[in-house]
Amino acid sequence: MCSLVILKNKNCQVIIEKGELVGFQKKNKEYIHQKGSNGWRNSDIEMFPIIGPVSKNNFRVQTKKGEAIQDQHGLLRELEYVLTSSGEKKVTLIKKYKKNTLINNSRFPKKSTEKYVFWPFNFSFEKKIQLDKDVLRIDFLLISETGMPFMLGYHPAFLLSGSRKETLVSNNKQITLDDVYKAGHNAFPVLKANQIVLENNDRDNVKITTKGFGNFMLWTPVDNMLCIEPITQYTSYTDEKFSEQNMRLSKGKDAFSIEIKIL
């Protein structure tokens, strides 16, 4: 696919690199964490069909079609997007997976004992990114076998001032960066929520509204970025096993959306 796609209008510009959202600017002010900057090596990923560190489950997930091997945040991140359509304000990309295909695990050997990961179900995963005025909309469409177990999370990283003065508001509750730091690698849970506002210190505030997820989690190890992640399930509360009893079951077609609005 074309490695770089740019969407733009009068006020905003969106930059997508190999399916990854690497820039969202309004009036030349950047809102997305820049790859190579302190904090995290990415600017966004999708977490599927697993959210969280599967190492506590010996990298195994139990399904009705047998045991699967997964690593942190699932195997979707290891697949490449194919560009299916592109315009001035919208781009559509897709990833397809054939059941039981062995995929190289990029976390091996430094962070994992598993050289390959696989999933015992076919699926296709569509990502559509659309720019409308000051709103960036991201739609996901999962097409799979009915009853396939899964978790889904979107993992974008937002640029912060570095002052540590930013706060967030969801369900009328304020969350500070100190709260997020204290949660550590587990990430800070914001449960039963479809909207959250990042109150920025040096740029306009950002409102994130979702459909289909139902929860967020917040994570950062540094002062200059914050990951605000819509998720179907928060997996760090308990030591529950990674099995389909603790996952959603696909309806065959499952749709999810995120709107990122600069206020």
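So, Phe-123. If you skip its neighbours within four places in sequence, Phe-123 is in contact with Phe-48, then Leu-75, Leu-76 and Leu-79, then Lys-95, Lys-96 and Tyr-97, and finally Leu-142, Ile-143 and Ser-144. One caveat before I go on: this is a predicted model.

Zooming out to the fold. We've got one helix and 24 strands in this protein. Take the contacts with a separation of 6 or more: 64% of them are between residues 24 or more positions apart.

Now, overall dimensions. The C-alpha trace spans about 50 × 40 × 35 Å along the principal axes. What radius of gyration would you want for a compact globule of 263 residues? Near 18 Å, and the protein has 18 Å, so the two agree.

On to burial and surface. Of the 263 residues, 52% are buried. The protein exposes about 12200 Å², and 46% of that comes from carbon and sulfur atoms.

I get 40 positive side chains and 29 negative ones. How far apart are the centres of the two sets? They lie 3 Å apart.

That's my tour; back to you all.

Note on methods: Residues numbered from 1 in each chain as written. Predicted model: local features only at pLDDT ≥ 70, side-chain atom pairs only at ≥ 80, totals over all residues. Heavy atoms only, no water. Contact = heavy atoms within 4.5 Å. Helix = DSSP H or I, 4+ residues; strand = E, 2+ residues; numbered from the N terminus. Rg over C-alpha atoms; globule rule 2.2 N^0.38 Å. Buried < 20%, exposed > 50% of the residue type's maximum accessible area, 1.4 Å probe, protein only. Areas by Shrake-Rupley, 256 points an atom, 1.4 Å probe, with all protein chains shown as cover. Lys, Arg positive; Asp, Glu negative; His and termini not counted. Charge placed at Lys NZ, Arg CZ, Asp CG, Glu CD.
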